[in-house]
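This report walks through selected features of one protein model. Please look at the sequence and the structure below before reading on.

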Amino acid sequence: MTIDPATSIPAFFAGQSIFLTGATGFLGKTFIEKILRSCPDVREIFLLIRPKKGLSVNQRLETMLKLPVFDKLHEKRPSSFEKIIPISGNTTEKVLGLADVDKQMLIERVTIIIHLAASVKFNNSLKYAIFSNTRATRDICILAQNMKSIIALVYVSTAFTNIQEPFIEEKVYPPIFNWKKVIKMAESLEDDEHILNVFTAKFLDSAPNTYIFSKNLAENIIQEYSSSLPCAIVRPSAVFPSMTEPMPGWIDNIYGPIGLYIGAGKGIIHIGYIDKHVSGKMVPVDIVIKAILVVCWKIGLTTSTADSTLFVLNCAHQNSLTLEDDIRIFWNILKNEVPYEGKIWRAHEWMTDNYTLFYIVSMLFHIFPAVLIDLALKCFGRRPMLLQLQRRLYVANLALFHFCSNDWKFGNTNKSLLISTIPPEDQDAFSFDYSNCDIREYYKNCVIGSKKYILHEKMDINQLHELILHNKRMDLFSITTEIIISFGMLWIIYKLIF
């Protein structure tokens, strides 16, 4: 019996050929696992992968498929991996770095494009950000226009492309600059770093970093091509570990706030440069993937015309908790339930939006101890590493400050409407509504996930109990040492004055 695709999301994806960019990233891996597990009749998935560190695309794919995120799929549907077809390419190159034969194959067979690829570093050069995030999006659209059977192109942007607006609606706003001129400028000045730096300073008057700037332009590319292509934009906020799928707490990177939480839990970070009164903006990765699939289903079933309005979905949770609330929940979990191994000092809960205070405390509690510890490591013949790590964490905190010191509200009309249209039998597998989740339980799974999948620490109950006791002793030692040092400094000051 044939199932109507309008009443079944898996039925819609049956027989479809998907072209996925950003396949080796956090979102990409989660997308591959989800669609192969929940839409088993998908025809094939072409993955754009670039050779890296001496590994071919096939070798990178083989390594990736061994990750824990695919364990459930290996167990239940091992044959589904045969549907994956790696394609060599690079989003920083013109025409995605595709060979002519691969390009022709995609044109003839692909019906759906999911454009996830992006360089997410905030401090990338303007040229790299434009090539990776803006020009690549244009080239995806040009490729899609040549595809014979394209029914949906979903572009994954970010909720922060228009942060000049206090309330961000589900629409594309006017561009910061003309995207065609910016791409042309980046290409013509590719070897002139000085002039590019001048342009960077000019452009960043209207955006906090090159990532946001380049993604803003990319949205306007999608807007322009939507008159001839069935397009949609999904805008996730800060992507956090998974809520439930394929397992709670899945994560494979330390970008953004998670890296800072790990640093604090290890006793490496003692102050956060944030406004503790603003709300958190996290969204679990599996929620984002479900939203992408449902948007794709909607666009694929909608007849597109030149007058059609581009569908935009804000995938951002309106969290009532402040960052201070979030951090204290994490601290409590790390202290009393799931501590990290190798803690070097007690964790503080200092938060400030005063840069001078942040700088002073960072120098005293981060940089100065890191210099001493690295000197000790060098004396014992070991590689110094803490100072370099502290510098990276300091830069990361500065980069995140704009997003941790401002509050935005996000329109959710399309989100609410789309959730309500998900067929009843698909609600469990595809609903991306998580407004009623147990936030503390979710944060606990985030900590467990960071232990298991990033730090590769064990979750043995007895070991956790020993770690809790050890960390309490470490906290007592840290407090005692800090008191002795404080009294010592006061005594020295007293002697100098009197």
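This is a predicted model: local features need pLDDT of at least 70, side-chain atom pairs count only at pLDDT 80 or more; totals for chains, interfaces and linings use all residues.

Directly after helix H10 comes Gly-267, a residue with a positive phi near 80 degrees.

**Helix H10**

The buried residues are Ile-258, Gly-259, Leu-260, Tyr-261, Ile-262, Gly-263, Ala-264 and Gly-265. Their cover includes strand E8 (238-240), helix H12 (323-336), H14 and helix H17 (439-454).

**The sheet**

An open sheet is built from 7 strands, in the order E3-E2-E1-E4-E5-E7-E11, with parallel pairing. Strand E3 (84-88) and strand E11 (311-315) are its edge strands, each pairing on one side only. On average, neighbouring strands are turned by 20 degrees against each other, with direction ignored. Within the sheet, strand E1 (residues 17-21) runs parallel to E4 and is joined to it by 4 bridges. Ile-18 has Ile-112 of E4 as its bridge partner. Helix H11 (residues 285-301) packs on this sheet, where it touches E4, strand E5 (152-156), strand E7 (231-236) and E11. The direction of H11 makes about 165 degrees with that of E11.

**Ile-9**

Ile-9 is part of helix H1 (residues 9-13). Is this residue, Ile-9, buried or exposed? Its relative accessible area is 0%, so Ile-9 is buried, given that the cut-off for buried is under 20%. Leaving aside residues up to four places away in sequence, Ile-9 touches Val-294, Trp-297, Ile-422, Pro-423, Asp-426 and Phe-430. Ser-132 lies 123 residues from Ile-9 along the chain, and the C-alpha atoms of the two are separated by 31 Å.

**Aromatic rings**

The structure holds 20 aromatic pairs. One of them joins Phe-122 and Phe-403: the ring centres are 5.3 Å apart and the planes stand at 35 degrees, so this pair is tilted. It links distant parts of the chain, 281 residues apart. Phe-122 is in the loop between strand E4 (112-115) and helix H6 (126-146), while Phe-403 is in the loop between helix H14 (386-400) and strand E13 (409-410). Another pair is formed by Phe-177 and Phe-213, with 5.9 Å from centre to centre and 65 degrees between the planes, and it is edge-to-face. Phe-177 lies in the loop between strand E6 (167-168) and helix H7 (179-188), and Phe-213 in helix H9 (residues 210-225), so the pair ties together parts 36 residues apart in sequence.

The table gives the accessibility of the residues in these pairs.

| Residue | Relative accessibility | Class |
|---|---|---|
| Phe-122 | 24% | partly exposed |
| Phe-403 | 8% | buried |
| Phe-177 | 25% | partly exposed |
| Phe-213 | 0% | buried |

Phe-122 and Phe-403 also belong to one aromatic cluster, together with Phe-160, Tyr-211, Trp-408 and Phe-410.

**Charges over rings**

Which ring does Lys-34 lie over? Lys-34 lies over the face of Phe-430, at 4.9 Å from the ring centre. Phe-430 is also among the residues that Ile-9 touches.

Terms used
Residues are numbered from 1 along each chain as its sequence is written. Side-chain values use heavy atoms; hydrogens and water are left out. Helices (H or I, at least four residues) and strands (E, at least two) are DSSP runs, numbered from the N terminus. Buried means under 20% relative accessible area, exposed over 50%, partly exposed in between (1.4 Å probe, protein chains only). Contact means heavy atoms within 4.5 Å. Rings of Phe, Tyr and Trp (its six-membered ring) pair if their centres lie within 6.5 Å; planes under 30 degrees apart count as stacked, over 60 as edge-to-face and the rest as tilted. A charge sits over a ring if NZ of Lys or CZ of Arg is within 6 Å of the ring centre and within 35 degrees of the ring normal. Two strands pair if DSSP finds at least two bridges between them. Axes are lines fitted to C-alpha atoms, for helices over the stretch in contact, and angles run from 0 to 180 degrees between N-to-C directions.
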